[in-house]
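Let's walk through this model together, with a few questions and answers to guide the eye.

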Amino acid sequence: MKTFLLILSCFFVLQWTPVHAKTLDAATSQAGVASTDNRVEKSLKAGGGWVVCQVGDVLRAGDKLRTAQDSSASLLLADHSVMRLGPNTEILIVDLTEQEDGCLVRRFQLSLGRVFSDVTPSAGK
């Protein structure tokens with residue numbers, strides 16, 4: 001059983017490591033799409049309407065993300081916090097910045113649906 005869990009753990013790390021490296025590049029002003037299930041779409045601040053969103057896409061302030069019925073998505077933030085969007089959910093990324101004192105500002109506007117968050121506490125704050 002321990003061998004199975006170790007192999008499963010290694011598989012999980014190997015599956016997620018490329019997403020971390022590709023999407024975040026240690027910048028605090030962006031969020032990486034870590035997972036999508038069924039129909040997930042994004043609308044970039046620059047315009048152009050809704051397009052299909054894929055794992056590895058990078059989102060910034062002003063961008064929107066939405067999930068359809070029976071769909072979900074996960075966002076990974078630079079501080080390793082994770083947001084999971086449930087079915088029929090739409091969010092606007094309002095702010096992803098770092099203040100002068102090092103505190104990270106993360107603001108989202110939930111227009112519809114549900115969001116579940118696993119927030120990483122800031123070190124020493």
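Q: Which residues does L59 touch, not counting residues up to four places away in sequence?
A: This is a predicted model, where local features need pLDDT of at least 70 and side-chain atom pairs count only at pLDDT 80 or more, while totals for chains, interfaces and linings use all residues. Residues are numbered from 1 along each chain as its sequence is written, and side-chain values use heavy atoms, without hydrogens and water. Taking contact as heavy atoms within 4.5 Å, L59 touches S29, Q30, A31, V33, K42, L44, L65, L75, I93 and L96.

Q: Which residues of the largest nonpolar core touch the most other members?
A: Such a core joins buried (under 20% relative accessible area, 1.4 Å probe, protein chains only) Ala, Val, Leu, Ile, Met, Phe, Trp, Tyr and Cys residues through side-chain atoms within 4.5 Å. Of its 14 residues, the ones touching the most other members are L59, L65, L75 and I91.

Q: Which residue is the bridge partner of L92 in β9?
A: Strands here are DSSP runs of E, at least two residues long, numbered from the N terminus, and two of them pair if DSSP finds at least two bridges between them. Strand β8 (residues 90-98) pairs with β5 (residues 64-67) in the antiparallel sense over 3 bridges, with L92 opposite K64. β8 is also joined to antiparallel β9 (residues 104-112) by 8 bridges. There, the partner of L92 is Q109.

Q: In the hairpin of β8 and β9, which residue takes a positive phi?
A: The hairpin has 5 residues between its strands. The residue with a positive phi, near 95 degrees, is G102.

Note on methods
Helices (H or I, at least four residues) and strands (E, at least two) are DSSP runs, numbered from the N terminus. Buried means under 20% relative accessible area, exposed over 50%, partly exposed in between (1.4 Å probe, protein chains only).
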